[in-house]
Amino acid sequence: MLKLVLTGVWVCAVTLGSVYFSMQYASAPVVSEADADRRASEEYIPGEIITVPVIKEGAVQGYFLAKLSFSATKEGIAKLHAPLRQLVTDELYDMLVGSKYVDLADTGSFDLPTFKVAVKDGLNKKLGNEVITEVLVEQLEYLTKDDVERVANSQNRPYQKPVPVVDKNGNIAADKIPEGAVKANSSAH
């Protein structure tokens with residue numbers, strides 16, 4: 001009987017020790033003061049879904065469905081002459097229509113980090129200031145011209161899902177906006 005009681009006490013002690021140490025290691029990550037200040041001065045701007053035509057050999061071959069969101073400085077946003085979403089959409093069309101950022105014949109050459117940097121640099125150049133601090137690619141997919149025609153004509157052919165764009169490292173373009181930023185942004189509007 002004494003062995004059973006000691007075994008029970010030992011199991012309780014091990015369980016409590018495990019819980020204590022797991023709680024110590026599961027605490028929130030330490031954020032430096034510089035990171036906290038930077039995050040406080042930024043705002044997440046959810047993007048809109050845009051459809052960009054892929055033009056090759058003088059004809060539309062298909063369409064990209066893109067949804068990009070951004071992290072931008074609050075100070076930079078306040079100085080803009082037009083709403084950031086509209087400026088971003090305009091610049092994305094300028095950058096992507098007829099561009100070679102994504103080559104469908106060679107999808108293995110697509111580099112997602114380079115694409116994000118190019119979008120960020122292009123937007124900041126257009127805005128004339130370092131407003132955009134980060135680009136988040138929530139959706140980047142491709143629809144063929146046949147898929148679009150099938151939907152437009154209500155043809156009863158099997159539906160093919162849009163093809164997600166995968167970069168040369170095997171990463172799918174699907175960033176997520178931080179949960180707190182989504183809540184804060186929706187309450188601000």
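**Figure 1. Contacts along the protein chain of a predicted model.** Of the contacts (heavy atoms within 4.5 Å) that join residues at least 6 apart in the sequence of the protein chain, 69% link residues at least 24 apart. Read from the N terminus, their order is α-α-β-β-β-α-α-α-β-α-β-α. Since this is a predicted model, local features need pLDDT of at least 70 and side-chain atom pairs count only at pLDDT 80 or more, while totals for chains, interfaces and linings use all residues. Residues are numbered from 1 along each chain as its sequence is written, and side-chain values use heavy atoms, with hydrogens and water left out.

Figure 2. The accessible surface of the protein chain is about 12500 Å², computed by the Shrake-Rupley method with a 1.4 Å probe, and for residues only the protein chains shown count as cover. Carbon and sulfur atoms account for 58% of that surface. Of the 189 residues, 31% are buried, where buried means under 20% relative accessible area, exposed over 50% and partly exposed in between (1.4 Å probe, protein chains only).

**Figure 3. The largest nonpolar core and Leu84.** In soluble globular proteins, nonpolar side chains tend to be buried together. The largest nonpolar core has 30 residues, and Phe70, Leu84, Phe115, Val119, Ile132 and Leu140 touch the most other members. Such a core is a set of buried Ala, Val, Leu, Ile, Met, Phe, Trp, Tyr and Cys residues joined through side-chain atoms within 4.5 Å. Two or more residues of this core come from each of β2 (49–56), β3, α4, α5 (112–127) and β4 (132–144). Setting aside neighbours within four places in sequence, Leu84 is in contact with Ile45, Ala72, Ile77, Leu127 and Ile132.

**Figure 4. The largest cavity and its lining.** About 80 Å³ of space lies in this cavity. A cavity is a set of points, on a 1 Å grid over the protein atoms alone, where a 1.4 Å probe fits but cannot get out, and its lining residues have an atom within 4 Å of a point. The lining includes Ile45, Pro46, Leu68, Phe70, Leu84 and Leu92. Helix α4 gives the largest share, five residues, and both β3 (59–73) and α4 (84–96) supply at least two.

**Figure 5. Ser71 in strand β3.** Zooming in on strand β3, we find Ser71. Ser71 counts as buried because its relative accessibility is 0%. Not counting residues up to four places away in sequence, Ser71 touches Glu42, Glu43, Tyr44, Val131, Ile132, Thr133 and Glu134.

**Figure 6. Gly122 and Pro113 in helix α5.** Both Gly122 and Pro113 lie in this helix. Gly122 is buried because its relative accessibility is 16%, whereas Pro113, at 43%, counts as partly exposed. Beyond residues up to four places away in sequence, Gly122 touches Glu91 and Met95. For Pro113 and Asn171, 58 residues apart along the chain, the C-alpha atoms are separated by 9.7 Å.

Methods
Helix = DSSP H or I, 4+ residues; strand = E, 2+ residues; numbered from the N terminus. 1 Å grid on protein atoms, 1.4 Å probe; cavity = no way out; pocket = protein on both sides within 12 Å on 5 of 7 lines; lining within 4 Å. Points joined across faces, edges and corners; volume = space filled by probe spheres on them.
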